[in-house]
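Okay, thanks for making time, everyone. Let me put the model up on the screen and we'll walk through a few spots together.

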Amino acid sequence: MAKDFDAIIIGAGIIGAATAYALARKGWRTLNVDKLPAADYGSTSGSCAIIRPYYSTVDGSALAFESHYYWRDWPAFLGVEDERGMARYVDCGCIVMKTEGNGHLASILETMDRIGCPYEHLSPEQLTARLPIMNTDSFAPARSPDDPGFGQPNGKQLSGAVLFPTGGYVTDPQLATHNLQRAAEAKGAVFRFKAAVERVLIENDRAAGIVLEGGEVVRAPVVVNVAGPHSDKINRMAGVEDGMKIKTRALRHEVAHVPSPAGFDFEANGTVYSDNDVATYIRPEIGNHILVGSEDPECDTREWVDPDDFNREFTDQWTTQVMRIAQRIPDLGVPSRAKGVVELYDVSDDWIPIYDKSDLPGFYMAVGSSGNQFKNAPIAGEMMADLIEACENGRDHDRDPIPFRLRYIDRTVSLGFYSRRREINESSSFSVLG
Ligand SMILES: Cc1cc2nc3c(=O)[nH]c(=O)nc-3n(C[C@H](O)[C@H](O)[C@H](O)COP(=O)(O)OP(=O)(O)OC[C@H]3O[C@@H](n4cnc5c(N)ncnc54)[C@H](O)[C@@H]3O)c2cc1C
């Protein structure tokens with residue numbers, strides 16, 4: 001087969017760039033194509049870039065715990081200098097409230113014990129000593145601000161929290177993606193921007209390349225869908241969606257940035273903080289701001305959208321999130337001007353990603369990242385490279401899933417966990433928590 005590259009990767013977000021780097025390290029000649037003007041102008045640019053080890057499944061948690069070490073050793077992992085500088089990982093740790101809704105974290109802590117992830121219990125007094133802006137009243141269940149019960153404590157006190165020291169956040173997800181681009185380029189990878197894929201080329205019953213807007217054909221025997229919220233559109237171009245039990249679709253989400261209450265430097269002394277009782281998570285943001293995201297409570301309507309046609313303005317979603325966290329942080333001001341991010345998650349049916357082949361030989365996908373795979377991107381790239389190499393060498397990954405070694409935490413996961421053909425994983429939180 002005539003080819004211009006060994007593999008074409010559709011998308012140059014954090015996972016697309018990581019896949020290029022991992023394949024290029026194996027000696028593959030890769031091309032990333034992205035319709036936007038630079039790496040990471042897509043959904044990665046709006047990522048909260050939180051690194052935290054707790055997920056609802058053992059495999060999900062193991063991968064996330066492992067990711068901490070990739071970010072901790074980021075410059076060594078990349079092995080290049082980026083003229084723009086290196087993304088910074090602030091490993092401030094993560095605090096999670098123990099609530100009735102999360103079973104006081106019993107199952108999560110059992111998982112942490114299984115994977116050897118460290119944690120520490122905090123009493124309510126220890127929590128408020130560390131984060132004095134918070135109270136420990138319970139407000140559950142999460143409500144809409146127009147519910148008459150909104151903002152009323154339910155009379156119970158929260159029993160404390162758990163601190164996970166191996167976590168934090170990356171200050172600039174765009175820069176992290178650019179770092180990966182430079183690392184991949186140093187190994188021979190090529191990136192092309194302002195190039196929209198219009199069609200996946202199929203010849204002799206296998207992927208053979210792409211057709212760009214304007215008609216240009218680029219040939220490669222391997223095509224990888226890493227198109228983020230456009231993943232379903234690309235899968236349809238390849239005609240592979242009928243062979244998938246798990247599908248993906250775009251979900252609109254708003255993230256708020258609000259000033260920390262006067263007298264407390266949340267940027268310097270805050271942590272990542274997850275609170276199921278008020279269905280929000282927060283982390284420090286530059287300028288002594290608090291970044292506020294939603295944990296998708298039952299009472300909220302989910303906004304499934306067309307990724308090419310959605311509202312980029314802030315709505316009531318922004319205000320609701322800020323008012324919810326203001327229950328926990330009573331001195332938080334609610335600014336009249338909304339600041340933050342409006343972006344899309346690429347959500348799978350069970351909020352667990354698909355890192356897999358497809359029924360079309362030569363066509364692969366790293367999709368369905370469900371608002372929670374920024375942290376895992378460097379590992380996802382390596383998993384995809386191993387999977388592609390094994391399948392192209394004849395392995396039947398559907399019957400005999402390939403294993404992947406998590407070298408820092410000394411554990412092996414099966415990539416069958418991320419199969420497009422899995423049954424819906426009922427252990428999932430069915431939320432951004434994964
Ligand atoms: C608001 C928000 C908060 C998040 N917070 C966290 C967090 O705290 N922690 C965490 O771990 N994860 C988080 N995530 C998830 C994480 O950011 C994503 O999982 C990750 O960024 C996805 O990267 P990607 O490379 O798959 O997709 P993207 O960054 O979306 O890249 C896909 C690229 O494909 C390109 N593309 C699409 N269609 C075409 C086409 N036809 N032709 C050419 N190019 C195309 C797009 O232009 C885009 O650049 C968050 C996500 C969002 C939106």
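So, how does the lining of the second largest pocket divide by class? It has 13 nonpolar, 14 polar and nine charged residues. By class I mean that Ala, Val, Leu, Ile, Met, Phe, Trp, Tyr, Cys and Pro count as nonpolar, Asp, Glu, Lys and Arg as charged, and the others, Gly among them, as polar.

Quick housekeeping. This is a predicted model, where local features need pLDDT of at least 70, side-chain atom pairs count only at pLDDT 80 or more, and totals for chains, interfaces and linings use all residues. Residues are numbered from 1 along each chain as its sequence is written, and side-chain values use heavy atoms, with hydrogens and water left out.

Back to that pocket. The volume of the second largest pocket is about 820 Å³. 36 residues line it, and closest to its centre are Gly101, Asn102, Asn276, Glu295 and Leu433. A pocket here is an open set of points on a 1 Å grid over the protein atoms alone, where a 1.4 Å probe fits, with protein on both sides within 12 Å along at least five of seven lines; lining residues have an atom within 4 Å of a point. The volume is the space filled by probe spheres set on the points, which are joined across faces, edges and corners.

Now the ligand. It has 37 residues around it, and Asp34, Ser43, Thr44, Ser369 and Lys375 are the closest; being near takes a heavy atom within 4 Å. That shell splits into 19 nonpolar, 14 polar and four charged residues. For polar contacts, meaning pairs of N or O atoms within 3.5 Å, look at Val197: one of its backbone N or O atoms sits 2.8 Å from a ligand nitrogen. The Ser47 side chain has an N or O atom 2.9 Å from a ligand oxygen. At Asn372, a polar backbone atom is 3.4 Å from an oxygen of the ligand. Taken alone the ligand exposes 1000 Å², and the protein buries 97% of that, by Shrake-Rupley with a 1.4 Å probe.

Last stop, strands, which are DSSP E runs of at least two residues and pair if DSSP finds at least two bridges. Strand S10 (residues 197-203) runs antiparallel to strand S11 (residues 206-212), with six bridges joining them. Val200 stands opposite Ile210 in S11.

Notes: Polar contact = N/O pair within 3.5 Å; in protein donor to acceptor, adjacent residues only side chain to side chain. Helix = DSSP H or I, 4+ residues; strand = E, 2+ residues; numbered from the N terminus.
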